[in-house]
Amino acid sequence: MIALTLWHSDGLRRALAGAHDVLLRVRPDVVQLHASPDGLRMDAPGIAAEVRRMLPSARVWLGVACDSPARRYAEGAWLLERAADALLVAADTATAVHADTIVWNAEAGWKRLDPTRPDCGPLARMVVTRCHAANPELVQGHTAYDQPGLHGVYPWAGWLGDGTVKLALPQVYCAPDDGLASKGAQERRYAAHSASWATARRKGWIATETVVPYLQAHGIPAGQLVTLAGRLGAACFWAAPSRMDAEGERALRALATLRDAGFTGPGAVRAYQAAKGLVADGIAGPLTMAALLGEQRKGLAP
């Protein structure tokens, strides 16, 4: 599964305009529309309809920027119910546009850095519970940090502790501020995530079983992205057009080639390599990437 998020600081309409060509080239299995609850309410109906006209087989998810209501609650400006109401606008929008999944994107605003301020765990639990009660067929997802052990003041159990949220999208991010990530950086980050995630499960913080990594479509060599996504069989990418570079687009095109050739699910890269007479090690090195992208080997970066 290839899931691509559309996001732009100027709103979803700008995001769709900038991502138009890559959407047609890659044809993601999932297009996630990311904005604030009010941004989704205003723009998601029209943008979802346009995405479906372009890509009739694509699933539409809504990604919700959640931090602002949490901050207002933690600062005492809003009561619990008001903060939940502000977020649940997005769930109503998801149902109205027939999205099958809503992804709560909750990050620093949810951390309890000051013990004198309210814990946002009850807010997360209220949002999840009320969303499920009002929209039982809507799948709930959650995205935040990839290493819970480094973010212990985040309300993991509030979001993921009882399994109501069915999909976790940990942000396995390793792009540097400048240039490209070093060799093996994506795999090292994923290994650190896996260890921390397993510890959080043992502590009872996380019950959600389905986990799909959120990867950056910028700052990472394409082969590293294809290697990990191909091994796992699914990944979500952040984000077109404003957080995507040439390497990210190359990775998405290569993954689309795998999918369109019938190589899907875990181990897709290894299966493709075996079918093409390449070394079947599951690593999307220069020869594998050249085959996937129809490029000549000469001149390719290692």
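1. Is Ala-222 buried or exposed? In this predicted model, Ala-222 counts as buried, because its relative accessibility is 0%, and the cut-off for buried is under 20%. You'll find Ala-222 in helix α8, which covers residues 222-232. Setting aside residues up to four places away in sequence, Ala-222 touches Glu-247, Arg-250, Ala-251 and Met-289. As for Ala-96, that residue is 126 residues from Ala-222 along the chain, and the two C-alpha atoms are separated by 36 Å.

2. On to Thr-143, which sits in strand β5 (residues 139-143). Thr-143 has a relative accessibility of 1%, so Thr-143 counts as buried. Its side chain has a polar atom 2.6 Å from the backbone oxygen of Leu-169. Leu-169 also turns up among the residues that Thr-143 touches, along with Val-103, Trp-104, Asn-105, Ala-106, Gln-171 and Tyr-214, again not counting residues up to four places away in sequence.

3. Now the nonpolar packing. The largest nonpolar core has 94 residues, and the members that touch the most others are Leu-6, Leu-33, Trp-104, Trp-110, Trp-159 and Phe-237. Helix α4 (residues 80-96) supplies the largest share of this core, with 8 residues. Apart from that core lies another, of 14 residues, including Trp-61, Tyr-214, Ala-234 and Trp-238. As background, nonpolar side chains tend to be buried together in soluble globular proteins.

4. Leaving aside neighbours within four places in sequence, Trp-110 is in contact with Cys-66, Asp-67, Ala-70, Leu-87, Cys-120, Leu-123, Ala-124, Val-153, Tyr-154, Pro-155 and Trp-159. Note that Trp-159, like Trp-110, is listed among the core members touching the most others.

5. Have a look at the second largest pocket too, with a volume of about 150 Å³. Its lining has 6 charged, 4 nonpolar and 1 polar residues. The residues in question are Arg-71, Ala-74, Glu-75, Ala-108, Gly-109, Lys-111, Arg-112, Leu-113, Asp-114, Arg-117 and Pro-118.

6. Last, Asp-162, in the loop between α6 (156-160) and β6 (167-168). At 46% relative accessibility, Asp-162 counts as partly exposed, since exposed would need over 50%. The side chain of Asp-162 reaches the backbone nitrogen of Thr-164 at 2.9 Å. Beyond its neighbours within four places in sequence, Asp-162 is in contact with Arg-125 and Ala-207. Asp-21 is 141 residues from Asp-162 along the chain, with 40 Å separating their C-alpha atoms.

Technical notes: Residues numbered from 1 in each chain as written. Predicted model: local features only at pLDDT ≥ 70, side-chain atom pairs only at ≥ 80, totals over all residues. Heavy atoms only, no water. Helix = DSSP H or I, 4+ residues; strand = E, 2+ residues; numbered from the N terminus. Buried < 20%, exposed > 50% of the residue type's maximum accessible area, 1.4 Å probe, protein only. Polar contact = N/O pair within 3.5 Å; in protein donor to acceptor, adjacent residues only side chain to side chain. Contact = heavy atoms within 4.5 Å. Core = buried A, V, L, I, M, F, W, Y, C linked by side-chain atoms within 4.5 Å. 1 Å grid on protein atoms, 1.4 Å probe; cavity = no way out; pocket = protein on both sides within 12 Å on 5 of 7 lines; lining within 4 Å. Points joined across faces, edges and corners; volume = space filled by probe spheres on them. Nonpolar A, V, L, I, M, F, W, Y, C, P; charged D, E, K, R; others polar.
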